[in-house]
Amino acid sequence: MAYSDKLMDHYENPKNVGSMDKNDKNVGTGLVGAPSCGDVMKLQLKINQDGVIEDAKFKTFGCGSAIASSSLVTEWVKGKTIEEAQKIKNIEIAKHLSLPPVKIHCSVLAEDAIKSAIADYQKKNLI
Amino acid sequence: MLKFPIYMDYQSTTPIDPRVLDEMLPYFTEKFGNPHSRSHSFGWEAGDAIEFARGQVADLISANPKEIIFTSGATEANNLAIKGLAHFYKSEKKHIITVKTEHKCVLDACRHLEQDGFEVTYLPVDTCGLLDLNLLENSIREDTLLVSVMAINNEVGVIQPIKDIGGICRRKGVFFHTDAAQAFGKIPLDVDAMNIDMMSISAHKIYGPKGIGALYVRRKPRVRLEPLMNGGGQERGIRSGTVPTPLVVGFGKAAEIAGMNMQEEYESIKRLSNKFCAGIVDSIPDVYLNGHKEARWPGCLNLSFAYIEGESLILAIKNLAVSSGSACTSASLEPSYVLRALGVEEELAHTSIRFGFGRFSTEEEVDYALELIKKSVGKLRDMSPLWEMAQEGIDLKSIQWSDH
């Protein structure tokens with residue numbers, strides 16, 4: 001698969017790999033995808049009392065596109081409010097990384113991961 | 001000195017052996033005649049060369065040179081064998097038996113015949129990739145025309161018991177075809193001792209040129225085929241079209257070299273492959289070898305690296321030219337049907353990589369590959385949520401995944 005330079009850079013030097021304490025009530029965890037489909041993303045967002053995302057970490061099982069998409073969204077969400085982060089669309093991720101058509105689902109998964117992490121945070125904090 | 005990327009995809013194709021190329025070159029230039037021209041020395045010279053090469057190919061499988069039909073490769077040979085036989089005998093018998101792990105061209109040719117009113121049985125394999133001989137024997141019916149089973153599998157390297165299968169087919173009076181694209185020149189094959197009626201062969205898998213192969217077609221008892229192409233009636237009327245002299249000359253030479261060095265080359269490949277496999281399994285946990293542990297061609301190792309998706313590993317080890325059973329390298333996003341036929345779970349099928357070893361593989365390359373793989377697997381597992389969960393003792397099967 002021929003990948004863009006931006007994508008390869010995120011794959012080779014992924015940003016924000018790691019885990020946070022999933023029991024911390026300021027941390028929202030999203031786990032999306034399935035091993036049988038070949039991709040699983042775990043995205044964690046640390047959100048402060050003003051609803052601003054202070055930190056983001058990811059771990060991804062998947063192809064190069066999936067890893068790069070996850071890395072990219074951790075960069076994008078940092079400093080954004082929950083509302084702003086929820087507006088990130090898969091199409092922007094796909095465009096930024098020049099994802100090949102068969103890999104568009106990786107960007108969809110990354111968008112789902114953001115939504116899922118925020119939902120987990122809101123559930124924990126009864127928002 | 002290592003040269004990058006290191007070639008580890010010998011099942012896909014092989015580089016041409018310099019000795020083969022040397023034999024071919026004059027037939028592109030001064031000896032350019034059409035081998036079917038009977039009226040001048042250009043034609044005679046080319047004609048003699050293809051007959052010599054026919055003998056070299058036949059010798060390697062103990063066949064008569066007259067039983068070798070040159071084709072464009074193994075795909076054409078498989079199509080010719082299956083469709084050519086079926087079309088010739090269609091008024092007598094309408095059932096074909098093959099195996100789920102066959103190459104796509106065999107399966108696709110069979111599917112095509114199903115549309116023409118043939119019935120095809122696709123036999124399963126066990127978790128090691130081997131065919132059950134009792135099941136095969138019991139599947140043969142009154143109207144079974146052909147059994148087609150490959151000798152060595154291209155994805156997992158499993159060797160089927162060809163001699164036993166040939167024996168069953170002869171006893172039951174059905175034709176036996178084997179796709180030997182991965183086996184010809186690598187393991188001993190004898191068409192009489194193994195009761196093989198047709199065998200597909202490719203040159204570029206044995207350090208010969210691409211675009212040439214052959215179908216062995218038995219003369220006694222005679223196997224009759226309807227040609228796929230009509231034309232000048234070359235190759236005993238079975239395969240019309242000018243035989244490409246330089247390619248055939250190269251094919252013959254490649255077969256001769258393979259025959260000369262077979263045992264020696266087998267031992268050397270086995271030694272490298274064993275060293276590689278042991279190096280991986282001893283230092284990386286949760287790695288699984290797909291396919292039978294003994295009944296295998298050592299030059300093909302298909303390994304599943306649990307918790308790492310295959311394509312991401314291929315990207316990480318980009319100094320190694322390998323191939324993957326993972327979906328993500330293909331356009332279809334479906335994991336390998338061969339691994340699925342072996343009962344490899346989809347999770348693991350996504351993590352599989354095929355490593356190939358061949359004539360030009362070196363120990364230095366194996367050592368480099370081992371280090372690179374160990375490092376890359378570590379890095380990717382550190383990035384894998386599945387690995388993290390497995391280390392925490394979470395059973396991944398207990399999780400409700402969101403399939404997409």
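A residue is called buried if 20 or more other C-beta atoms, placed from the backbone, lie within 10 Å of its own, exposed if 12 or fewer do, and partly exposed in between. The model is predicted, and local features need pLDDT of at least 70, side-chain atom pairs count only at pLDDT 80 or more, and totals for chains, interfaces and linings use all residues. Residues are numbered from 1 along each chain as its sequence is written, and chains are lettered from A and ligands numbered from 1 in the order in which they are written.

B:Glu235 is buried, with 21 other C-beta atoms within 10 Å. Its place is the loop between β8 and α7 of chain B; helices (H or I, at least four residues) and strands (E, at least two) are DSSP runs numbered from the N terminus. The phi of B:Glu235 is near 55 degrees, positive although the residue is not glycine. B:Asn195 also has a positive phi, near 50 degrees, and is not glycine. B:Asn195 sits in the loop between β6 (175–179) and β7 (198–202) of chain B. It is partly exposed, with 19 C-beta neighbours inside 10 Å. B:Asp395 is exposed, with 8 other C-beta atoms within 10 Å.

Two cis peptide bonds occur in chain B. One runs from B:Phe4 to B:Pro5, with omega near -10 degrees. B:Pro5 belongs to the segment before β1 (6–7) of chain B. Another joins B:Lys220 to B:Pro221, again with omega near -10 degrees. B:Pro221 is in the loop between β8 (213–217) and α7 (245–260) of chain B.

In chain A, helix α1 (residues 5–12) buries A:Leu7, A:His10 and A:Tyr11. Down the axis of α1(A), these residues fall within an arc of 100 degrees, so they line one face of the helix; the arc is that of the directions from the helix axis to the C-beta atoms. Their cover includes α2 (64–77) and α4 (90–97) of chain A, and α9 (310–316) of chain B.

The chains meet through 26 residues of chain A and 24 residues of chain B, contact meaning C-beta atoms within 7 Å. On the chain A side, β1 (27–34), β2 (39–47), β3 (53–61), α2 and α5 (104–124) each supply at least two residues. The largest share, four residues, comes from β1(A).

Terms used: Two residues are in contact if their C-beta atoms, placed from the backbone, lie within 7 Å.
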